[in-house]
Amino acid sequence: VYYFVTSRTYVFTCTGFGRIIRRARLNMGERLRELPMGFYNNRDVGDLSTVLLRDYRTVENNVTELLPMVATILARFTLGLIVMGIFNWQMMLATVLVIPLCIPFAWISYRSLGHRNIELLQSQQENTSRILEYIGGIQTLKAFNQGNSMYQRLKKSCEELRRLSINAETAGAPLGVVGRAILNCGGAVVLYAGAGLLAAGNISPWYFVVFLMIAMSLYDPVMNLFYYLVNITRLNHCAERIKTVMN
């Protein structure tokens with residue numbers, strides 16, 4: 001089942017989703033061609049360039065990473081719980097006990113990253129505008145000896161983008177560490193519960209070892225989701241920006 005889920009999602013993301021993104025980009029190009037001139041008077045060219053190039057690329061890259069991972073996590077988690085539930089429901093409960101405890105930390109981290117990524121996307125848009133402005137007007141700027149002032153604006157935009165990029169990557173780190181620490185405690189909970197059942201004669205040493213191994217294999221993929229919170233929030237905001245232009 002693990003192999004089937006992983007292979008099918010991999011094929012879909014490499015072929016099916018690639019076609020979806022290609023079609024979406026063409027639809028965006030057609031939509032921009034049909035819009036009236038008033039729309040372009042109120043929109044910055046850097047904004048549209050960011051949506052058409054960077055936002056679509058962000059959606060494509062993140063989905064191709066996240067979709068196989070989420071599908072694999074669900075498959076492993078569901079199969080693990082079914083197997084554990086069949087043989088010993090008490091060990092199953094001990095295994096999943098810590099998972100709800102880390103959800104609030106993941107949610108708070110997600111919200112914090114969401115605000116940071118809004119600022120980051122705005123900075124990316126501003127940076128793209130400054131790059132296009134600098135390249136497009138470089139001949140005129142050099143002719144009137146104004147290149148340095150425009151370069152300083154571009155440099156300031158790049159420095160701000162760098163600062164916000166670092167902030168966006170590190171914003172959810174403290175809470176993510178706490179969430180992963182709670183999941184790491186799950187192994188101790190399973191060990192304690194299993195030792196109690198083993199001492200009472202309710203479980204054999206063989207099942208105890210197997211349950212411990214299954215529990216460890218369930219926690220690892222859930223921990224990986226904490227690493228991808230930044231990508232998930234960025235994916236959501238990029239999708240919203242694309243939807244706004246299309247509307």
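Helix 1 passes helix 10 in a left-handed crossing. A crossing is left-handed if the near helix is turned anticlockwise from the far one by less than a right angle, and right-handed if clockwise. Helices here are DSSP runs (H or I, at least four residues), numbered from the N terminus. This is a predicted model: local features need pLDDT of at least 70, side-chain atom pairs count only at pLDDT 80 or more, and totals for chains, interfaces and linings use all residues. Residues are numbered from 1 along each chain as its sequence is written, and side-chain values use heavy atoms, with hydrogens and water left out.

Stay with this crossing. Helix 1 spans residues 2–34, and it packs on helix 10 at an angle of about 40°, with the axes 10 Å apart. Axes are lines fitted to C-alpha atoms, for helices over the stretch in contact, and angles run from 0 to 180 degrees between N-to-C directions. Which residues meet here? From helix 1 come Asn27, Met28, Arg31 and Leu32; from helix 10 come Ile242, Val245 and Met246. The residues of this contact divide into five nonpolar, one polar and one charged. Ala, Val, Leu, Ile, Met, Phe, Trp, Tyr, Cys and Pro count as nonpolar, Asp, Glu, Lys and Arg as charged, and the others, Gly among them, as polar.

Helix 10 (residues 229–246) also packs against helix 5 (residues 99–136). Their angle is about 50°, and their axes lie 8 Å apart. That makes helix 5 oblique to helix 10. Angles under 35 degrees count as roughly parallel, over 145 as roughly antiparallel, 65 to 115 as roughly perpendicular and the rest as oblique. The crossing of helix 5 and helix 10 is right-handed. Helix 5 contributes residues including Tyr110, Leu113, Gly114 and Asn117, while helix 10 contributes Thr233, Asn236 and His237, among others. Ten residues of this contact are nonpolar, seven polar and two charged.

Now zoom in on Thr233, in helix 10. Is Thr233 buried or exposed? Thr233 is buried, because its relative accessible area is 1%. Buried means under 20% relative accessible area, exposed over 50%, partly exposed in between (1.4 Å probe, protein chains only). Leaving aside neighbours within four places in sequence, Thr233 is in contact (heavy atoms within 4.5 Å) with Tyr110, Leu113, Gly114 and Asn117. Thr233 and Arg111 are 122 residues apart in sequence, yet 8.4 Å apart in space, C-alpha to C-alpha.

Helix 5 also holds Arg130. Arg130 has 11% relative accessibility, so it counts as buried. Beyond its neighbours within four places in sequence, Arg130 contacts Arg153, Leu154 and Ser157.

Turn to the rings. The whole structure has four aromatic pairs. Rings of Phe, Tyr and Trp (its six-membered ring) pair if their centres lie within 6.5 Å; planes under 30 degrees apart count as stacked, over 60 as edge-to-face and the rest as tilted. Phe39 and Tyr40 form an edge-to-face pair, 5.2 Å centre to centre, with 85° between the planes. Phe39 is buried at 19% relative accessible area, whereas Tyr40 is partly exposed at 28%.

Phe87 and Tyr207 form a tilted pair, 5.3 Å centre to centre, with 35° between the planes. Phe87 lies in helix 3 (residues 45–87) and Tyr207 in helix 9 (residues 205–227), so this pair ties together parts that are 120 residues apart in sequence. Tyr207 is partly exposed, at 34% relative accessibility. Ring pairs link Phe87, Tyr207 and Phe211 into a cluster.

How values were computed
Helices (H or I, at least four residues) and strands (E, at least two) are DSSP runs, numbered from the N terminus.
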